[in-house]
Each structure stands twice: as C-alpha cells, then as structure tokens.
Amino acid sequence: MNLKVYLVFFSLLLINFLFPREILAGNMTGYGVIFASSADYPSLKSKGKIDMIETVISTNWKGALDQAEANGQKLVIIPGWQSNQVCQGSNAWTWYGSNWSLNSTGIAFMDFIAGYIKGGGKGFRALYTVHEPYNYTHSPNCTTDAQKKLYSMLKTESANRGLTDIQLPLYAEIDTMTQSDFGPGLCDYCADWYYPNGECSGSTWEARVSSCITKMKSNYQSLSAKSPNSTFVAYMQSFG
C-alpha cells in the first residue's frame with residue numbers, strides 16, 4: 001500500500017534544517033507546523049512546502065480558515081482547549097460518564113464547519129480530538145473505548161449535518177503506535193512524537209534527527225498494518 005505520512009515541525013529553525021536533507025526525500029506526503037498564528041501563514045507559505053497547520057482557534061474560525069486558504073494551507077482546528085477532562089484536547093465536547101456529547105462550543109463549531117465545507121471552503125484539514133490519550137497524567141481515563149466513542153460521536157454529528165465520512169477527518173495525537181489496542185476507529189490522522197534531543201540516539205544533533213527518522217519509518221509501517229486507512233503524522237520536536 002502507499003503510506004500517507006505527514007512530518008510536522010515545532011519551529012521554523014527545524015524546518016530550515018530538515019528541508020534540504022536527502023534523508024526525507026520520497027518519504028513524506030506533506031509537511032506541517034504547530035503553534036502558528038494566522039499572522040505566520042504568509043511566512044510559512046514562503047517555505048514552499050508547509051500545507052498543514054495545527055492551531056487552537058476559540059473564535060473567528062472563518063477568519064483563520066480564509067487566511068490559510070489564501071496562502072495555500074489547511075488547518076487542523078482545535079476549537080478551544082481543555083486540559084482537565086477524561087481525554088485532554090478540545091473543550092467542544094463533554095464526557096457524561098459513559099458517552100460524549102457536543103456542548104455549545106461543539107454545536108457551534110460543527111454547524112459552522114459543515115456550512116464552510118459544503119460551501120466549498122478549502123482551508124480545513126481536520127478536527128483535532130485528543131492529546132496524548134495514553135498519558136494518564138493529563139488524560140487519566142482516556143481509554144481506547146472512550147476514544148472510539150468520541151470518534152463515533154463526531155462522525156455521527158458530521159453525518160447529521162450532511163457531511164460524508166471523509167469530509168470531516170479526525171486528528172488525534174495518539175503519541176504511541178505501540179499500544180496493543182490501537183487500530184481503526186480512533187483517528188483519521190494519527191500523530192506520534194519524536195525528540196531529537198531526547199529519545200533518539202547519536203553524538204550530534206543531525207545524527208539524532210536521522211535516528212528519529214529511522215524510528216518514524218518503523219512506526220508508520222506498524223501503523224499501516226493496524227489502521228490501513230489512516231494517515232500517519234510524525235511530530236519532530238524542537239526541544240529536548
């Protein structure tokens with residue numbers, strides 16, 4: 001099968017270092033960045049390869065999407081951030097003991113994004129769902145079952161607004177592809193983390209980046225076997 005892989009950066013310095021490297025040639029579907037505001041979109045466009053941006057947008061979703069579209073980019077939107085809940089991530093939905101439901105923020109966002117997509121908007125990539133669900137420090141009860149219920153609820157709410165399954169992709173920072181119960185029904189874009197100054201070996205920073213790339217290749221081969229219709233997203237951290 002053809003693997004679908006995105007490499008996401010945490011800083012422009014890291015982008016400048018990695019883009020010229022032959023090590024990435026032919027391995028990636030595309031490139032992205034996180035922690036970028038709409039004011040950064042034109043400068044990211046100048047890099048020539050950044051087409052996916054993960055960002056928290058609590059209000060003015062249309063303004064951010066229009067700016068991204070104008071610069072040839074697509075957004076992974078977190079419609080407001082919530083730290084203290086069953087699964088850390090967006091504050092647009094609430095866990096009620098056994099199931100998830102959209103709250104007022106979630107209803108407003110889903111109504112908006114359905115209209116935006118059906119109206120021909122081109123600046124949307126995916127809806128962000130959970131952050132490091134298997135890190136029980138900040139996601140204490142984010143079981144695989146809870147993640148699947150969130151995925152299912154959001155797909156149902158999307159369908160109820162006239163969108164097809166592929167029109168509202170769901171994006172999760174799973175953080176590890178080695179979980180034995182990882183599989184379909186958790187995420188359409190599934191992200192993992194790599195730390196050149198931490199987990200990856202090598203006597204130089206460049207060598208550690210190379211080591212991280214090797215780990216990425218191994219992990220996305222595993223992902224393709226467990227969830228063949230998902231797109232793998234590799235985060236290259238710029239701090240150690």
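Trp-61, Phe-109, Phe-112 and Tyr-116 form one aromatic cluster in this predicted model. Across the whole structure, seven aromatic pairs are found, where rings of Phe, Tyr and Trp (its six-membered ring) pair if their centres lie within 6.5 Å, and planes under 30 degrees apart count as stacked, over 60 as edge-to-face and the rest as tilted. In the pair of Trp-61 and Phe-112, the ring centres are 5.7 Å apart and the planes stand at 35 degrees, so the pair is tilted. This pair links distant parts of the chain, with Trp-61 in helix α3 and Phe-112 in helix α4, 51 residues apart. Trp-61 is buried at 12% relative accessibility, whereas Phe-112 is partly exposed at 22% (buried means under 20% relative accessible area, exposed over 50%, partly exposed in between; 1.4 Å probe, protein chains only).

Residues are numbered from 1 along each chain as its sequence is written. For this predicted model, local features need pLDDT of at least 70, side-chain atom pairs count only at pLDDT 80 or more, and totals for chains, interfaces and linings use all residues, while side-chain values use heavy atoms, with hydrogens and water left out.

Helix α3 spans residues 61-70, and its buried residues are Trp-61, Ala-64, Leu-65 and Ala-68 (helices, H or I with at least four residues, and strands, E with at least two, are DSSP runs numbered from the N terminus). Viewed down the axis of α3, these buried residues fall within an arc of 95 degrees, so they line one face of the helix; the arc is that of the directions from the helix axis to the C-beta atoms. The buried residues of α3 pack against α2 (41-45), β4 (74-78), α4 (104-118) and β9. Gly-72 follows α3 and has a positive phi, near 75 degrees.

Two disulfides are found in a search of the whole structure (a disulfide is a pair of cysteine sulfur atoms within 2.5 Å). One joins Cys-87 to Cys-142, with an S to S distance of 2.0 Å. The link is right-handed, with 100 degrees about the S-S bond of Cys-87 and Cys-142. Distant parts of the chain are linked by this pair: Cys-87 lies in the loop between β5 and β6, and Cys-142 in the loop between β9 (124-131) and α5 (144-160), 55 residues apart. Cys-87 is buried, with a relative accessible area of 1%, and Cys-142 is buried at 0%. A disulfide also joins Cys-187 to Cys-190, at an S to S distance of 2.1 Å, and this link is right-handed with 110 degrees about the S-S bond. Cys-187 counts as buried at 2% relative accessibility, as does Cys-190 at 0%.

Gln-88 is located in the loop between β5 (81-82) and β6 (89-90) and is buried, at 8% relative accessibility. Its side chain makes a polar contact of 2.5 Å with the side chain of His-131 (a polar contact is a pair of N or O atoms within 3.5 Å; within protein, one must be able to donate a hydrogen and the other to accept it, and residues adjacent in sequence count only if both atoms are side-chain atoms). Apart from neighbours within four places in sequence, the residues in contact with Gln-88 include Trp-81, Thr-129, Val-130 and His-138, contact meaning heavy atoms within 4.5 Å.

The chain averages a pLDDT of 79, and 80% of the residues score at least 70; pLDDT is the predictor's confidence in each residue, from 0 to 100. Over residues 11-25 the pLDDT is below 50, and this stretch has 31 contacts in the model beyond near neighbours in sequence.
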